[in-house]
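Subject: Handing over the structure

Hi,

Here is the structure I promised to pass on. Have it open while you read, and my notes on what turned up in it follow below.

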Amino acid sequence: MHNVEAFRDLQREATRWRRYLHENPELDYRLHNTARFVTEKLASFGINHIETGIAETGIVALIQGEGGDGPTIGLRADMDALPIVEASNKPWSSKIPGNMHACGHDGHTAMLLGAAKHLAATRNFKGTVALIFQPAEEVELPSGALRMVQEGIMDRFGISQVFGMHIQPGIEVGKFGICPGPIMGSQDDFDIVVKGKGGHAADPHRTIDPVVIAAQIILGLQTLVSRKTDPLQSLVISVTKLNAAQAYNIIPDHVEISGTVRTLSSGLQDFAEREIFSAAEGIARGFGADVEFRYLRSVPGTFNHSEETKLAVTAARNLAGPASVNDAVQVCMGAEDFGYMLEARPGAYILLGNGPTAECHSPAFDFNDEALLYGIGYWVKLIETALTG
Ligand SMILES: [Zn+2]
Ligand SMILES: [Zn+2]
């Protein structure tokens with residue numbers, strides 16, 4: 001059994017990779033330098049089955065164990081950065097103005113590379129490890145995980161279980177958080193167009209003012225959670241965009257309202273879709289206006305499967321001790337596109353402590369390189385636990 005310090009040399013090496021990736025952040029599917037870097041590293045570890053260009057810049061690489069036949073387990077890291085101006089003031093800050101690794105995907109990539117180097121050198125397992133390096137986690141539909149699944153990676157590489165990991169500020173470094181069932185929320189987005197009758201702002205009585213109607217709709221939506229949803233169920237409805245006329249003296253003929261819905265159950269997604277439309281339509285009709293409505297299911301919830309969650313807990317405890325895992329971690333309503341992979345195959349998603357740093361997506365976010373030690377160790381332990389020869 002490994003002590004976590006067995007991964008110290010790899011952690012030092014992975015820190016250099018992580019900082020290089022941090023200095024060179026790329027967005028969405030345009031990860032050409034990042035993908036080249038990952039591919040070169042994988043090849044240098046003696047991994048010869050590497051497939052690139054999946055979902056544009058995604059990569060799947062296979063490492064065969066020396067313990068005989070067995071299943072193929074997928075380990076996934078996301079590689080994309082965010083359009084944020086960095087304010088971490090670190091020596092390895094972004095060299096690409098306006099792009100920043102503010103969600104730790106540089107660290108996710110580096111720790112999967114670290115695990116790959118170890119697993120390729122030792123091969124102390126049966127079956128196969130499929131390393132999945134994914135683009136475009138941060139984008140709207142279709143995101144990288146969905147496209148990799150649609151391009152058939154699960155069947156093509158014979159993957160039977162799939163695992164994900166994300167850095168988490170607020171959890172101590174060296175600690176893990178996980179729970180069976182929902183761990184991250186779903187994300188749906190909606191647009192409402194309120195269609196009234198425009199005119200001169202000095203003659204409101206000759207118009208059907210969609211600005212006033214939109215204001216009523218926004219307030220009306222607040223009661224869907226507070227008055228119509230079971231208090232023990234989790235639902236968030238946030239209005240985030242509002243578009244009306246661009247002048248002081250014009251009442252526009254339409255107003256656009258957009259927002260997002262987060263929940264932990266598909267029943268509540270159906271409820272939100274139905275009720276947001278009916279509230280908006282009812283309010284608009286009362287004023288003689290109409291609505292157009294669009295509801296987009298952007299990212300499914302991330303639902304951990306129970307057997308794979310137990311496996312993840314065992315691996316993390318083997319690595320860092322029994323007290324290192326909170327196996328009833330609080331669910332996060334943020335969305336994660338790994339949910340698409342968990343819809344395709346059973347698996348589990350675990351949170352890895354980053355310490356008391358700024359939140360993910362903050363310009364001040366700073367990946368804690370000590371977490372690489374635990375991330376690398378977890379992946380290795382997971383494989384050696386799940387694929388014992
Ligand atoms: Zn993010
Ligand atoms: Zn992220």
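Let's start with a term: donors are N, O and S atoms within 2.8 Å of the metal (3.2 Å for Na, K and Ca), and since water is not among the atoms, sites may look incomplete. With that in hand, the donors of the zinc ion (ligand 2) follow the spacing C-x1-H-x60-H along the chain.

Some housekeeping before the rest. This is a predicted model, so to speak of local features we need pLDDT of at least 70, side-chain atom pairs count only at pLDDT 80 or more, and totals for chains, interfaces and linings use all residues. Residues are numbered from 1 along each chain as its sequence is written, chains are lettered from A and ligands numbered from 1 in the order in which they are written, and side-chain values use heavy atoms, with hydrogens and water left out.

Which residues hold the zinc ion (ligand 2)? They are C103 (SG), H105 (NE2) and H166 (NE2), at 2.1 to 2.3 Å. C103 sits in the loop between β3 (72-78) and α3 (105-122), while H166 is in strand β5 (residues 159-168), so this pair links parts of the chain that are 63 residues apart. Helices (H or I, at least four residues) and strands (E, at least two) are DSSP runs, numbered from the N terminus.

The zinc ion (ligand 1) has C103 (SG), E138 (OE) and H361 (NE2) as its protein donors, lying 2.0 to 2.3 Å from it. Their spacing in sequence is C-x34-E-x222-H. E138 lies in the loop between β4 (128-134) and α4 (144-150) and H361 in the loop between β16 and α10, so the pair ties together parts that are 223 residues apart in sequence.

You'll have spotted C103 in both lists: C103 bridges the two zinc ions, ligand 1 and ligand 2, which lie 3.1 Å apart.

E138 counts as partly exposed at 23%, and H361 is partly exposed at 40%.

**The pocket and the cavity**

These were found on a 1 Å grid over the protein atoms alone: a cavity is a set of points where a 1.4 Å probe fits but cannot get out, and a pocket is an open set with protein on both sides within 12 Å along at least five of seven lines. Lining residues have an atom within 4 Å of a point. Points are joined across faces, edges and corners, and a volume is the space filled by probe spheres set on the points.

The largest pocket has a volume of about 530 Å³. Of the 25 residues lining it, the closest to its centre are C103, E138, G334, A335 and H361. The largest share of that lining, three residues, comes from β5.

**The nonpolar cores**

A nonpolar core is a set of buried Ala, Val, Leu, Ile, Met, Phe, Trp, Tyr and Cys residues joined through side-chain atoms within 4.5 Å. In soluble globular proteins, nonpolar side chains tend to be buried together.

Here the largest core has 65 residues, and L42, L131, F133, Y378 and W379 touch the most other members. Helix α10 (residues 371-386) gives the largest share, ten residues. A second, separate core of 28 residues includes A55, I153, I159 and M341.

Contact means heavy atoms within 4.5 Å. Leaving out residues up to four places away in sequence, L131 touches, among others, L42, I47, I63 and L75. I63 lies in strand β2 (residues 58-64) and is buried, with a relative accessible area of 0%. Among the residues that I63 touches are I47, A116, F125 and L131.

**One more residue**

N99 lies in the loop between β3 and α3 and is buried, at 14%. Its contacts beyond four places in sequence are P25, E26, L27, L82, I84 and S94.

Enjoy exploring!

Key. Buried < 20%, exposed > 50% of the residue type's maximum accessible area, 1.4 Å probe, protein only.
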